[in-house]
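Thanks, everyone. I'll keep this short. Please look at the screen.

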Amino acid sequence: MDRNQRIRTAYIAFPLVVGALAGFLTRNGLSIYKSLNHPAFSPPGWLLPIIWTVLYILMGIGSYLAASSPSHRKNQSLRLYGIQLLLNFLWNLVFFNLNNYLLAFLVLLFLWYFILKMIAAFWSVSPDAAVLQIPYLLWVTFAAYLNLGIVFLN
């Protein structure tokens, strides 16, 4: 594997590792999650890791495209990427470990805002990187509905 392939692999692997760590740290909260009242259109639990894996891969590809850009704005876009990834990680801890669903919803709102800012920043660096983040924004929008539904139903 040449240097460029290793770098590309590292960018794709990083969000997957962050997601796996979040999953590992929150694994005990899944039994509580299953016992909650869920809003309509809640996906089955087995589907969530599949969706998140695809989204983390798209994040990684997008971050690689942004980092590979010759644009002088790439560092700003990667900072926003890092902030949203941290918020994504924190949401898992607040929701599944602290079981504080209202605070988790507030974290999710910040996450949504930073995803939007990241997409805008990626657009100025690499439009392809930005487009790859749209499914993530849509999923987090849906996740906000699910999170808020859990706030009201439990």
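One definition before we start. A nonpolar patch here joins nonpolar side chains within 5 Å, from residues with over 30% relative accessible area and no salt bridge. Keep that in mind. And note that this is a predicted model.

So, which residues form a nonpolar patch on the surface? Leu 102, Leu 103, Leu 106 and Leu 109 do. Together they have about 330 Å² of accessible area. Take Leu 109. It is found in helix 5, residues 101-125. Its relative accessibility is 41%, so Leu 109 counts as partly exposed.

Now the overall picture. The protein has 7 helices and 0 strands. Along the sequence, the pattern reads α-α-α-α-α-α-α. The C-alpha atoms fill a box of roughly 50 × 30 × 25 Å along the principal axes. The radius of gyration is 16 Å; a compact globule with 154 residues would have one near 15 Å, so the two agree.

Next, surface and interior. The protein exposes about 8500 Å², and carbon and sulfur atoms supply 71% of that. Of the 154 residues, 42% are buried. Take contacts between residues at least 6 apart in sequence: 79% of these join residues at least 24 apart.

Is Asn 147 buried or exposed? Buried, because its relative accessibility is 2%, and the cut-off for buried is under 20%. What is Asn 147 in contact with, leaving aside neighbours within four places in sequence? Trp 91, Phe 95, Tyr 101, Ala 104, Phe 105 and Leu 108.

That's my part. Over to you.

How values were computed. Residues are numbered from 1 along each chain as its sequence is written. This is a predicted model: local features need pLDDT of at least 70, side-chain atom pairs count only at pLDDT 80 or more; totals for chains, interfaces and linings use all residues. Side-chain values use heavy atoms; hydrogens and water are left out. Buried means under 20% relative accessible area, exposed over 50%, partly exposed in between (1.4 Å probe, protein chains only). Contact means heavy atoms within 4.5 Å. Patches are made of residues with over 30% relative accessible area and no salt bridge: like charges are joined within 9 Å, nonpolar side chains (Val, Leu, Ile, Met, Phe, Trp, Tyr) within 5 Å. Accessible areas come from the Shrake-Rupley method with a 1.4 Å probe; for residues, only the protein chains shown count as cover. A salt bridge is a side-chain nitrogen of Lys or Arg within 4 Å of a carboxyl oxygen of Asp or Glu. Helices (H or I, at least four residues) and strands (E, at least two) are DSSP runs, numbered from the N terminus. The radius of gyration is taken over C-alpha atoms; the globule rule is 2.2 Å times the number of residues to the power 0.38.
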